[in-house]
Amino acid sequence: MSGGTRLENANPLIFQRSGERLLTDTDEDEDVADPIDDREIFDLIRSISDPEHPLSLEELNVVEQMRVNVNDEESTVSVEFTPTIPHCSMATLIGLSIKVKLLRSLPDRFKIDVHITPGTHASEDAVNKQLADKERVAAALENSQLLEVVNQCLSTRTM
């Protein structure tokens, strides 16, 4: 957030991060079929930075593993995210960051649905419509300034 700009949620609740996933021998064995699961998707998105705060989406409870659904056989991924306040102006940017992370990380066969947890945002229908529209997402990513902000949210930071 640039200096002088007032934060919408100046004092958000901060949640404890869940533990890292322990890898097993079969996770690292290239000869074993390893379907993508909810935890793997959660691990991809949990460390995305909030655009307003120096915290991850997991630390703000914007993303939770229980709100991630994967069907590897049908190649679908669905992620619900919960903005920290009902009038969060960053909701579309947060959803776009989640979608971009998944588009960059998953095989092309996956259909990715990112949407706001029902009843948690004043403009959830409008935001969900934008995030579901491939042409709007593509146009947003052609905007170099917006892409730079998304990339900042996706950049790895030390936890």
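Visitor: Which residues lie nearest the centre of the largest pocket?

Guide: A residue belongs to the lining of a pocket if it has an atom within 4 Å of a point of that pocket. In this predicted model, 18 residues line the largest pocket, and those nearest its centre are Pro51, Leu93, Leu146, Val149 and Cys153.

Visitor: Which elements give two or more residues to this lining?

Guide: They are helix H3 (91–105), helix H4 (124–132), helix H5 (134–142) and helix H6 (144–154). The largest share comes from H6, which supplies four residues.

Visitor: How do the residues of this lining divide into nonpolar, polar and charged?

Guide: The lining of the largest pocket has 11 nonpolar, five polar and two charged residues. The space in this pocket amounts to about 360 Å³.

Visitor: What is the volume of the second largest pocket, and which residues line it?

Guide: Its volume is about 240 Å³. The lining consists of Lys99, Leu103, Phe110, Lys111, Ile112, Asp113, Val114, Leu131, Ala132, Lys134 and Val137.

Visitor: Which element gives the most to the lining of the second largest pocket?

Guide: Strand E3 (111–116) gives the most, with four residues. H3, H4 and H5 also supply at least two residues each.

Visitor: How many residues of this second lining are nonpolar, polar or charged?

Guide: Seven residues lining the second largest pocket are nonpolar and four are charged, while none is polar. In the largest pocket, by contrast, five lining residues are polar.

Notes: Residues numbered from 1 in each chain as written. Predicted model: local features only at pLDDT ≥ 70, side-chain atom pairs only at ≥ 80, totals over all residues. Heavy atoms only, no water. 1 Å grid on protein atoms, 1.4 Å probe; cavity = no way out; pocket = protein on both sides within 12 Å on 5 of 7 lines; lining within 4 Å. Points joined across faces, edges and corners; volume = space filled by probe spheres on them. Nonpolar A, V, L, I, M, F, W, Y, C, P; charged D, E, K, R; others polar.
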